[in-house]
Amino acid sequence: MADFTGKVVLITGGAGGIGRETAQQFLDRGANVELWDMDKSAGDKLVKKWSDEGHKVHFEKVDVTDFDAVKDTMNALQDRWGQLDILVNNAGITRDATLKKMSPEEWKQVVDVNLNGVFYCGKTAAEVMREQESGVILNASSVVGVYGNFGQSNYVATKSGVIGLTKTWARELGRKGVRVNAVAPGFIETPMVDTVPDKVLEKLKGQTPLGRLGKPEDIASAYVFLASEQAAFITGTVLQVDGGLVF
Ligand code: CAA
Ligand code: NAI
């Protein structure tokens with residue numbers, strides 16, 4: 001099992017879904033974890049639970065769409081822990097609608113969180129990692145960023161964009177000892193898929209060779225692998241974790 005003792009891991013959107021499970025897996029492997037999320041009540045509860053269990057964990061209420069807040073909180077993180085080894089750029093939202101019905105507001109909200117937020121957190125984290133000459137940045141893409149999806153113009157644009165950012169940052173940061181990869185999950189059982197009609201989910205299971213939706217653990221394990229020394233020669237890649245889904 002990979003050991004992250006003494007490593008500092010920042011997880012955006014870490015108070016729920018895939019982010020929370022990713023935090024759990026890093027904590028189980030000895031890491032110190034900082035969570036950024038809008039949901040303070042969920043974040044505070046997790047910190048209490050995990051601190052009581054003896055883990056080193058910290059929560060900050062941060063909106064990743066606010067560049068000044070991201071910059072200030074990244075400075076505070078550096079003061080608090082003295083280093084940043086791994087960023088899991090995970091915060092994301094959906095506002096699904098067909099192209100016909102999607103409002104400019106729904107377009108902008110999703111671009112703001114899923115693309116601007118990823119850029120702001122990646123940019124400020126990279127500053128710390130460049131100075132250290134080490135670090136790993138992991139970005140949350142999606143299978144729909146690879147294939148497209150009915151009703152998700154905004155979300156798909158951001159998740160394809162994240163693939164471009166990943167490949168670009170891998171080129172820029174490799175010589176500074178920083179690896180950058182993306183994970184493209186299939187449909188995973190979290191609150192995010194609650195908005196998907198049941199008949200769409202059933203159809204998706206039928207198109208998945210492994211015959212089920214994914215679980216947050218499936219994605220957390222991929223982040224842990226890509227952050228580990230076992231992935232020391234992997235950068236600029238997109239790991240699809242989707243049960244073989246083709247649609
Ligand atoms: N493929 C083909 N046709 C589809 C379709 C699909 N996936 N989804 C809907 N349609 C068709 C409907 O059958 C309907 O056809 P008719 O007009 O001929 O009856 C038409 O499109 C309109 O559908 P709705 O009545 O559902 O229209 P709506 O405007 O109320 O909603 C929608 C449209 C928002 C796209 C809704 O169908 C929806 O939410 N679909 C799911 C979108 C989705 O997959 N989101 C993924 C969220 S999870 C996630 O994003 C995580 C990740 O990374 C994978
Ligand atoms: P989720 O909705 O369960 O959790 C997302 C978390 O992000 C929440 O805790 C939320 O409060 C936080 N968040 C939202 N906006 C924020 C903001 N502006 N600033 C800070 N935090 C914010 O979602 P889930 O399913 O855990 O998804 C995590 C990531 O994985 C997202 O980027 C998502 O797009 C991606 N993903 C999810 C898939 C799925 O099927 N669930 C599939 C493919 C990708």
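**Salt bridges and their labels**

Reader: What makes Glu 53 partly exposed?

Author: Glu 53 has a relative accessible area of 44%, and buried means under 20%, exposed over 50%, partly exposed in between (1.4 Å probe, protein chains only), so Glu 53 is called partly exposed. As background, this is a predicted model in which local features need pLDDT of at least 70 and side-chain atom pairs count only at pLDDT 80 or more, while totals for chains, interfaces and linings use all residues. Residues are numbered from 1 along each chain as its sequence is written, chains are lettered from A and ligands numbered from 1 in the order in which they are written, and side-chain values use heavy atoms, with hydrogens and water left out.

Reader: Why is the contact of Lys 49 and Glu 53 called a salt bridge?

Author: The term asks for a side-chain nitrogen of Lys or Arg within 4 Å of a carboxyl oxygen of Asp or Glu. For Lys 49 and Glu 53 the N to O value is 3.3 Å, so the pair qualifies. Lys 49, at 41% relative accessibility, counts as partly exposed.

Reader: How many salt bridges does the structure hold?

Author: Eight. Glu 34, Glu 60 and Arg 80 are linked in a network of them.
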